[in-house]
Amino acid sequence: MLDPKHIRTLHKNRTGNEPALFLAPGRVNIIGEHTDYAEGFVLPAAIEFATYTAISPRADGKITIYSENFNEEKVFDAATLPSKGSGHWSDYPLGVVAIFAGEGHTIPGFALTIAGDVPLGSGLSSSASVEIATALALSSLLGIDYTRPKLARLCQRAENEFVGANCGIMDQFISANAEANHALLLDCRDLSFRYAPIPDGVALIIANTMVRHSVAGGEYTSRRAEVEEACAVIARHRSGVRFLRDATLDDLAQWGSEMSPNALKRGRHVIGENLRTVAAADALTNGNLAELGRLMAEAHKSYSEDFEASCTEADTMVALANKIPGLIGARLTGGGFGGCTVNLVEEAQAENFAAQLKEHYKNTTGITPEIHRTKAAGGAHRID
Ligand code: ADP
Ligand code: MG
């Protein structure tokens with residue numbers, strides 16, 4: 001956690017003005033991988049790492065955006081905003097400004113200061129936290145009060161349309177709507193959601209494998225195509241099926257033979273994952289941590305064997321976690337082919353767990369992992 005005084009001082013030194021302050025957290029997905037574009041379920045939680053924004057008006061029509069993480073300031077003209085990003089970090093906050101302008105708001109000049117402790121580009125969604133923290137700052141400047149789901153949608157559009165990254169709604173949604181000590185079961189079909197309590201005494205340990213295999217982009221595209229193929233075969237027989245969200249394991253048993261072997265496996269992952277994700281939220285609600293751990297293990301196996309989106313390093317990180325005392329559940333989280341694993345661990349064992357995981361992973365792979373220990377945090381808010 002950064003000290004809010006730090007970003008206030010940073011902003012005052014930069015602009016001479018007293019700012020309004022906001023924060024938006026990063027996130028980790030506990031279960032529900034590659035279900036979002038099948039209009040299915042995800043179960044993320046916000047983490048205690050966050051992006052902070054400070055904002056104050058400017059009279060000269062200029063927008064100045066400074067990021068402490070990049071130690072760089074960019075200046076734009078509020079009257080002539082670009083409609084596309086340029087591949088720079090400022091695309092993320094500026095994209096939010098451009099999307100707000102597109103909604104019909106007149107954008108005045110302002111100074112925005114950004115600083116955060118969400119690791120950048122590690123799969124913990126620093127990008128969504130920058131967008132949501134910017135959107136809150138801009139909303140307060142403009143005196144508008146979007147609902148949190150609407151705010152998440154606008155920020156997703158900033159990332160899709162302005163930055164040009166093909167992300168789903170999960171990251172922005174959890175950053176805007178999280179509740180402390182809870183995961184959030186999100187239905188990506190209609191954005192309905194419910195909270196599932198994470199009991200006291202459970203820590204979240206995020207372990208970065210430090211690898212991200214370069215095949216990821218192309219494989220993402222081919223997985224999506226295979227998921228669509230599986231869906232199209234089922235839809236030929238059952239007209240109500242628009243996405244795999246609508247399909248069942250029975251459908252696969254009946255018509256799986258008409259699919260390519262890969263489409264069948266990908267379909268089995270997505271249909272099973274939707275069931276597991278809802279069951280995992282129920283397990284949390286019922287305080288059944290053993291069941292949660294079982295579901296996470298099954299999800300990892302499915303992600304690795306049926307969806308084939310894991311890698312040796314991630315499988316190693318999960319296998320090692322399973323041998324360390326205190327583990328409730330472990331799996332590879334995020335888009336796949338590297339990135340982080342998420343581990344739910346008994347709080348009393350958390351320190352020892354983190355130390356052992358680090359050591360064993362280093363001994364096995366030769367790579368020193370980054371390990372982050374956190375709790376499920378609250379959502380984005382203004383800091384007074
Ligand atoms: P992730 O969201 O998993 O961290 P992304 O690649 O989606 O990874 O987003 C990372 C990018 O978001 C950074 O490269 C940078 O452009 C932008 N970003 C994140 N945090 C900050 C920050 N504190 N200041 C400026 N830009 C940031
Ligand atoms: Mg991101």
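This is a predicted model: local features need pLDDT of at least 70, side-chain atom pairs count only at pLDDT 80 or more; totals for chains, interfaces and linings use all residues.

Analyst: A residue counts as buried when its relative accessible area is under 20%, as exposed when that area is over 50%, and as partly exposed in between.

User: Where is Val118 found, and how far apart in space are Val118 and Phe173, C-alpha to C-alpha?

Analyst: Val118 belongs to the loop between strand E5 (110-116) and H3. In sequence, Val118 and Phe173 are 55 residues apart, and in space their C-alpha to C-alpha distance is 17 Å.

User: Which geometry does the aromatic pair of Phe100 and Tyr146 have, and how many residues apart in sequence are the parts that the pair ties together?

Analyst: The count of aromatic pairs comes to six. In the pair of Phe100 and Tyr146 the planes are 80° apart and the centres 5.6 Å apart, which is an edge-to-face geometry. Phe100 is buried at 0% relative accessibility, and Tyr146 is buried with a relative accessible area of 19%. Because Phe100 lies in helix H2 (residues 91-102) and Tyr146 in the loop between helix H3 (126-142) and helix H4 (148-163), the parts tied together are 46 residues apart in sequence.

User: Are Phe193 and Tyr195 buried or partly exposed, and which residues form one aromatic cluster?

Analyst: Phe193 and Tyr195 form an edge-to-face pair, with 5.5 Å between the centres and 80° between the planes. Phe193 has a relative accessibility of 33% and is partly exposed, and Tyr195, at 28%, also counts as partly exposed. The aromatic cluster is formed by Phe173, Phe193 and Tyr195.

User: Over the face of which residue does Arg223 lie, and over which does Arg224 lie?

Analyst: Arg223 lies at 5.9 Å from a ring centre, and the ring whose face it covers is that of Phe307. Arg224 is placed over a ring face at 4.2 Å from the ring centre, and that ring belongs to Tyr37.

User: At what angle do H3 and H4 pack, and what is the handedness of their crossing?

Analyst: The axes of H3 and H4 are 10 Å apart and the packing angle is about 120°. That angle makes H3 oblique to H4. The crossing of H3 and H4 is right-handed.

User: What is the phi of Ser125, and what is that of Glu308?

Analyst: Ser125 lies in the loop between E5 and H3 and is buried at 7% relative accessibility. Glu308 is found in the loop between helix H9 (289-306) and helix H10 (312-321), where Glu308 is partly exposed, with a relative accessible area of 33%. Although Ser125 is not a glycine, its phi is positive, at about 65°, and Glu308, also not a glycine, has a positive phi of about 50°.

Technical notes: Residues are numbered from 1 along each chain as its sequence is written. Chains are lettered from A and ligands numbered from 1 in the order in which they are written. Side-chain values use heavy atoms; hydrogens and water are left out. Rings of Phe, Tyr and Trp (its six-membered ring) pair if their centres lie within 6.5 Å; planes under 30 degrees apart count as stacked, over 60 as edge-to-face and the rest as tilted. Helices (H or I, at least four residues) and strands (E, at least two) are DSSP runs, numbered from the N terminus. Buried means under 20% relative accessible area, exposed over 50%, partly exposed in between (1.4 Å probe, protein chains only). A charge sits over a ring if NZ of Lys or CZ of Arg is within 6 Å of the ring centre and within 35 degrees of the ring normal. Axes are lines fitted to C-alpha atoms, for helices over the stretch in contact, and angles run from 0 to 180 degrees between N-to-C directions. Angles under 35 degrees count as roughly parallel, over 145 as roughly antiparallel, 65 to 115 as roughly perpendicular and the rest as oblique. A crossing is left-handed if the near helix is turned anticlockwise from the far one by less than a right angle, and right-handed if clockwise.
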